[in-house]
Amino acid sequence: MRAGIIAAALLAAVFFAIGQVDVRLVSHIYQPAELDPADARVAQLRLPPGFQVRKFAEGLGNPRILAVAADGTVYVTRRQEGDVVMLRDSGNGRAGAPRVVARHPGMHGIAIHGNRVYLAAIREVFYADRRPDGSLGPLTAIIKDLPDGGQHPNRTLAVGPDKMLYITVGSTCNACDEPNPEHATILRADLNGQNREIFARGLRNTLGFGWHPQTGELWSMDHGIDWLGDDEQKEELNRLVRGAHYGWPVVYEMGRINPRQDPTRVNKARYTSPTLLYTAHAAPMQMVFYTGAQFPAEYRNDAFVAMRGSWNARPPVGYEVARVRFRSGRPVSVEPFLTGFLVQQGPDRWGHFGRPAGIALTLDGALLVSDDTRGVLYRVSYGDTPVTRR
């Protein structure tokens, strides 16, 4: 992508048949310039007191989703390269040289269950067995007919407490009636790929999800609809329940009707509202619950979400890691945790040196965060050295 900022104001008018209501929506395309992740910039990243962030690995191209094995080996999917690389800590908080351990076009989702690694591309789900040296055996396809990609081709997956495989399938569009009922859903299947069913629907693009360590409830972050304005639609934190419909593309946020819908034909009672909202266009990606012992006790059982950042908000938003605070198993707030990737360079001029995409917990209780544009993995730890404080 060329350096610089692409900015444009867009107007859209929607006319409903009932009363000829004119709804005018104003949105912006605004792309911050890409900056080099120099050490001086990394030193300006902001965290709560007592935390620090350092580069764990760099030069990785397009690192996306992360998984950490029981022996500490880190696996990273790279969508553009179409592969999976493994990394190991060299003993000083930095990774050794990456090693490619699997290849397939569009590789994106990854989950580890026992000694088996599950991987998702656009239409396929595979498994591979881990060898003693951390490399992967041959890929075995267990699903070959996931829906086509469209606007949201990136799949994620995880093995639930019920020993079932959960697979996300985004929508093909911004807001439309999908011809394939498996679009805009989370699917559930046996570990061999059989008995596939729609677990939850009405999810425009849910990539980050996980089970709360105390309650076992399934929580996720969903991307809001674009072109409703710079401040709409807010990103949604949902408690996912089997059989529920979460509103896309008809209803969003706390029961608001998409202005492109005829409100006289919408039964809002059909749809399940989110539990919490977060900044519109922040673009939530991978999510992980914190079960480590390194961070202060108040962080235990909270969730962290990589927010890749906006391309259609002015000023830009996201480009951060957010924390979802839970109290007695219930979420109470979503707030910034790791910030500073966005750099204001002048009036209405912004750049960035990172777009968080993946997030995972290491064996020692640190967080790893992938930046899929500048090829860096960051390690967030607590208690080592002072950091920039808010």
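Me: Which residue in β28 stands opposite Glu-34?
Reply: This is a predicted model, in which local features need pLDDT of at least 70 and side-chain atom pairs count only at pLDDT 80 or more, while totals for chains, interfaces and linings use all residues. Residues are numbered from 1 along each chain as its sequence is written, and side-chain values use heavy atoms, with hydrogens and water left out. Strands here are DSSP E runs of at least two residues, numbered from the N terminus, and β3 runs parallel to strand β28 (residues 349–352), to which two bridges join it. In β28, the residue opposite Glu-34 is His-352.

Me: In what order do the strands of the open sheet with mixed pairing stand?
Reply: Two strands count as paired if DSSP finds at least two bridges between them. The edge strands, each pairing on one side only, are β3 (33–34) and β27 (342–346). The order of the three strands is therefore β3-β28-β27.

Me: Which residue is the bridge partner of Tyr-75 in β7?
Reply: An open sheet of four strands, with antiparallel pairing, has the order β5-β6-β7-β8, and its edge strands are β5 (63–68) and β8 (99–103). Within this sheet, β6 (residues 74–78) and β7 (residues 83–87) pair in the antiparallel sense over five bridges. The partner of Tyr-75 in β7 is Met-86.

Me: How much space lies in the largest cavity?
Reply: On a 1 Å grid over the protein atoms alone, a cavity is a set of points where a 1.4 Å probe fits but cannot get out, and lining residues have an atom within 4 Å of a point; points are joined across faces, edges and corners, and the volume is the space filled by probe spheres set on them. By this rule there is one cavity of 30 Å³ or more. Among the residues that line the largest cavity are Asp-222, His-223, Glu-236 and Trp-248. The space in the largest cavity is about 40 Å³.

Key: On a 1 Å grid over the protein atoms alone, a cavity is a set of points where a 1.4 Å probe fits but cannot get out, and a pocket is an open set with protein on both sides within 12 Å along at least five of seven lines; lining residues have an atom within 4 Å of a point.
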